[in-house]
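User: Hi, thanks for joining me on this one. Let's go through it pocket by pocket.

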Amino acid sequence: CGLGIDNTTSEKRKKTFLRVSIATNLSLLGVFKYYDFFAESFQSFSDYMGLSVQPYFLNVALPVGISFYTFQTMSYTIDVYRGKISAAKNFLDFSLYVSFFPQLIAGPIERGTRLLPQILKARTMSLEKFYQGAYLFFWGLFLKVFIADNLARLVDPVFHSQGPYEGGSVLLATYAFSFQIYCDFAGYSFMAIGLALSMGINLMENFRRPYFSQNISEFWRRWHISLSSWFRDYVFTPFYIYLSKIKYIKDFSLKIRHLMAFLVALFIAEFLLGMWHGADWNYGLFGIYHALMIGAYYSIKKYWDRLNKFLQIFLTYQIACVGWLIFRAESLTQIPEMLQSILLNFGTTFNVNITSKGNTLLAFTCILVLVQVFQHKKNDTMVVLRMHWMPRYAFFALLTCLIILFGDFSNKPFIYFQ
């Protein structure tokens, strides 16, 4: 389809190739990832309405990484259509772009405009790049096996339980999950970026200290950057432009038209972004929640931005954590039960067990927080490598000892593999 777009001057034929490409990609994603989910949801709804329906279920394994490489191929064709890149002439070059192994399974979701030129030209390799790549891989490994997998022991028992829930336990598990999912996914991203960099390929930064964000909109510019920017460029912006020009709202003022287009495009993009994470309604609710929070932020932006900077960071983190509770919940009914326990059943939970788990959370996250404070202050992810050699190697030795002595090597899969 990319070659077809490149080899014709007919706008109609270009659009046809573009539609075929997008339809094929979305069909593969829809069949493998969402068909059984929607069939099961339809069956449950029919049962609720008193109807007996037996839809056909595929019961096929989900191809690993399909959410990532379908988005890469779609962005490639769209960028060829928009004239941002030329179509790859060699199928092996295109295949390497789609299936480059470090980031194939869980991102970052690379654009053809970034990765293809690096594939097509001679790579420059150096000891410095290898050293930086090794450090990023090592840091990602530490985040995964020392922090994320150990924190799972604080998170899973609470979310696997059936209730009734204690507010303190739920809150602690939610905070622990906020660090678990960050260290699990950012850990993978750092390892992927490090592997690629050691081979002379620069992948895009996927996380930029998201818990230092001062509002929820900024949070999504720092969290899973490759995905959030993908939805911004290929879903939100086209919908926003289309909706702002629709004839049914032309009678409204320009300001109202753009507000309506912004809100509708925001809800569509955030809902789809949520559902991208998995075939379950709590992910859709996760997206809707963030759409509401982003919309609320822009409605009170002039007041929010006057708040103390540290208060903004604190409040944004709390807002994000409510989203993580929705994201991690085992069912839709568990969400209100857990939120209710935090609000109404909190006072009886401060016991020895909670204190012990709180200390465990602090112990496993203190190094991460300390490093990120320095990274945030210098605005430099590689700040450790700029340190004097003595504290730098002492830091490496400390992380190595912590990984060996306390790392969880029980083969816990990456969250985004699932």
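**Pockets, helices and one glutamine**

Analyst: The second largest pocket has a volume of about 550 Å³ (the space filled by probe spheres set on its grid points). A pocket is an open set of points on a 1 Å grid where a 1.4 Å probe fits, with protein on both sides within 12 Å along at least five of seven lines, and its lining residues have an atom within 4 Å of a point.

User: Who lines the second largest pocket, closest to its centre?

Analyst: Its lining has 20 residues, and closest to the centre are Leu 26, Trp 230, Phe 231, Val 235 and Leu 272. Two or more lining residues come from each of α2 (11-48), α3, α10 (225-244) and α11 (254-276); these helices are DSSP runs of H or I, at least four residues. α10 gives the most, with 7 residues.

User: How does the lining of the second largest pocket divide by residue type?

Analyst: It has 19 nonpolar residues, 1 polar and no charged. Charged here means Asp, Glu, Lys and Arg; Ala, Val, Leu, Ile, Met, Phe, Trp, Tyr, Cys and Pro are nonpolar, and the others polar.

User: Before I go on, how far does the predictor trust this?

Analyst: This is a predicted model, in which local features need pLDDT of at least 70 and side-chain atom pairs count only at pLDDT 80 or more, while totals for chains, interfaces and linings use all residues. Residues are numbered from 1 along each chain as its sequence is written, and side-chain values use heavy atoms, without hydrogens and water. The mean pLDDT (confidence per residue, from 0 to 100) is 92, and 99% of residues reach 70 or more.

User: OK, and how much space lies in the largest pocket?

Analyst: About 800 Å³. It is lined by 34 residues, with Tyr 283, Phe 327, Ile 415, Tyr 416 and Gln 418 nearest its centre. α7 contributes the largest share, 5 residues. By type, the lining has 17 nonpolar, 8 polar and 9 charged residues.

User: Switching topic: why is α8 largely enclosed?

Analyst: Because 29 of its 32 residues are buried (under 20% relative accessible area, 1.4 Å probe, protein chains only). α8 is followed by Gly 200, whose phi is positive, near 85°.

User: Last one: is Gln 43 buried or exposed?

Analyst: Gln 43 sits in helix α2 and counts as buried, at 17% relative accessibility. Beyond neighbours within four places in sequence, Gln 43 is in contact (heavy atoms within 4.5 Å) with Val 53, Gln 54, Pro 55 and Phe 57.

How values were computed. pLDDT is the predictor's confidence in each residue, from 0 to 100. Buried means under 20% relative accessible area, exposed over 50%, partly exposed in between (1.4 Å probe, protein chains only).
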